[in-house]
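Dear colleague,

Please find the structure below, handed over for your records.

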Amino acid sequence: MQKQRIVWLDMAKGWGMLLIIIGHLNIQLIPQLTGVQVWIYSFHIPLFFFLSGYLFSTGKSLKEFAKKKLRTIVLPYFVFGVVILIYETYTAVRYSYFSSHWFWETVSRFLIQNRFWTIWFLAAVLVLNIMMYLMVRLLKKHWLLAVVSVVLAACAMIYYAKGGDKLPWDIDVAFAAIPYFCGGYLLRSFSEKMESILSGKLRSVIVFVVCAAVNITAAWLNYRHMKMPHDMFGMKYGIVPLAYLSGFAGIMAMIVFSHWFRLRPVQFIGENSILYLAWHQTIVIPVVKGILTNLHFTVDYGNPAGKILLYLLAELAMVLLIMTAVIKLINNTKLRYLVGKKKE
C-alpha cells in the first residue's frame, strides 16, 4: 500500500509541476487559452501545499524535526538561491545594469524573501511546517486543527483586505495556505479509505467528474468577478470561498487523475519537482527564449495562434530537456545532498 501511495503522490507532483511550467510560458499570448490559464492557477500552487502537508511529520523529537527541515528545505533554499544569484549577476553584467546597489538589493531580497524568485515556495513551506508542528503538538484533535487552519486563513484574508502587503519569508502565504497544508495532513489519516474509494472504477469516475466540475465552475465564476486568475503569489483571491472551493476540488480531481495516468517521465518530474520548480522560470526559460531568438523563432501578441502554440510547445520541450539533463547530473553526484536528497 505504501509503495502505491508514493507513486500517486509523485504522479500528482509531476502533473502539477508540468502545469506550473506551462503556466509560466506566456500562454496568455493565445486568447483562446485564457480558460486554461484560469484553470491552472485555480489549484496548481494549492496542490503543492496540500501534498507537502500530506508528507508532513513532526518526527520523534523537536531536534529530529529541525534537523530534517534544515536538510530538506533550508539548505536547498540557499543552494538554489545562490545558483540563481550567480545567473542573475551574470545577466546583469552582460546587459550592463550591474551595480553594487543592484547586487546588495538582490541579496537582501533573497534573504528577506517576500515572493522573490520561484524559491518563494520553499520559504512558505518552511513557515507552514513550523506552524503545523506547533498546531499538532498543542491541539491534538483533528477537528481543532481544521478549525484553527480556517481561522488562520481568515486572518490572512482580512490582512489582504486591509491592504496588507507581502511579508518576509512569505508568512502571509503560509497563513493563507494552511487549510491546504492541513488538509493534506488530515487526508493521510484517511488514506486507506481514499484508496478504497478510488479502487472502484465507477466511484473514482464519479469523484473525478464532480470535483473537476466544481473546480472549473468555481474558478470561472471567480475569474468573472476578478477579471484575472486566482493567484496566491500575487495575493489575488477574489471571492474567497470560491477560491478555496476551486482549489480543493482541483486538488482532489488531480489526485484521482494521478491514480489513473501513471507515466514514468511524469513520475520522474514529480520525484524531482523541487528542482524543476527552483530553476525552470528564473534560469532555464530565459535561456530557452534566448536560444529560440538566436534561431529567429519569436512570437508576440497578434501572431497566428498556430505559430504561438508551436513556439510554446518547443519552449516546453526544451525546458524539460534541459532541466532533466541537469537533474540527472545532480542525482548522480554528491550534489544531490545539497538539494535535500537522502544519502543512499
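Helices here are DSSP runs of H or I with at least four residues, numbered from the N terminus. This is a predicted model, in which local features need pLDDT of at least 70 and side-chain atom pairs count only at pLDDT 80 or more, while totals for chains, interfaces and linings use all residues. Residues are numbered from 1 along each chain as its sequence is written, and side-chain values use heavy atoms, with hydrogens and water left out.

Among the buried residues of α9 are C211, N215, N222 and Y223; buried means under 20% relative accessible area (1.4 Å probe, protein chains only). The 26 residues of α9 (residues 201–226) should span 38 Å, and the end C-alpha atoms are 37 Å apart, which agrees; the expected span is 1.5 Å times one less than the number of residues. K227 follows α9 and has a positive phi, near 70°.

The whole structure holds 32 aromatic pairs (Phe, Tyr or six-membered Trp rings with centres within 6.5 Å; stacked if the planes are under 30 degrees apart, edge-to-face if over 60, otherwise tilted). Y77 and F110 are stacked, at 5.3 Å centre to centre and 20° between the planes. Because Y77 lies in helix α3 (residues 62–94) and F110 in helix α4 (residues 100–112), this pair ties together parts that are 33 residues apart in sequence. Y77 is buried at 0% relative accessible area, and F110 is buried at 5%.

How values were computed. Helices (H or I, at least four residues) and strands (E, at least two) are DSSP runs, numbered from the N terminus. Buried means under 20% relative accessible area, exposed over 50%, partly exposed in between (1.4 Å probe, protein chains only).
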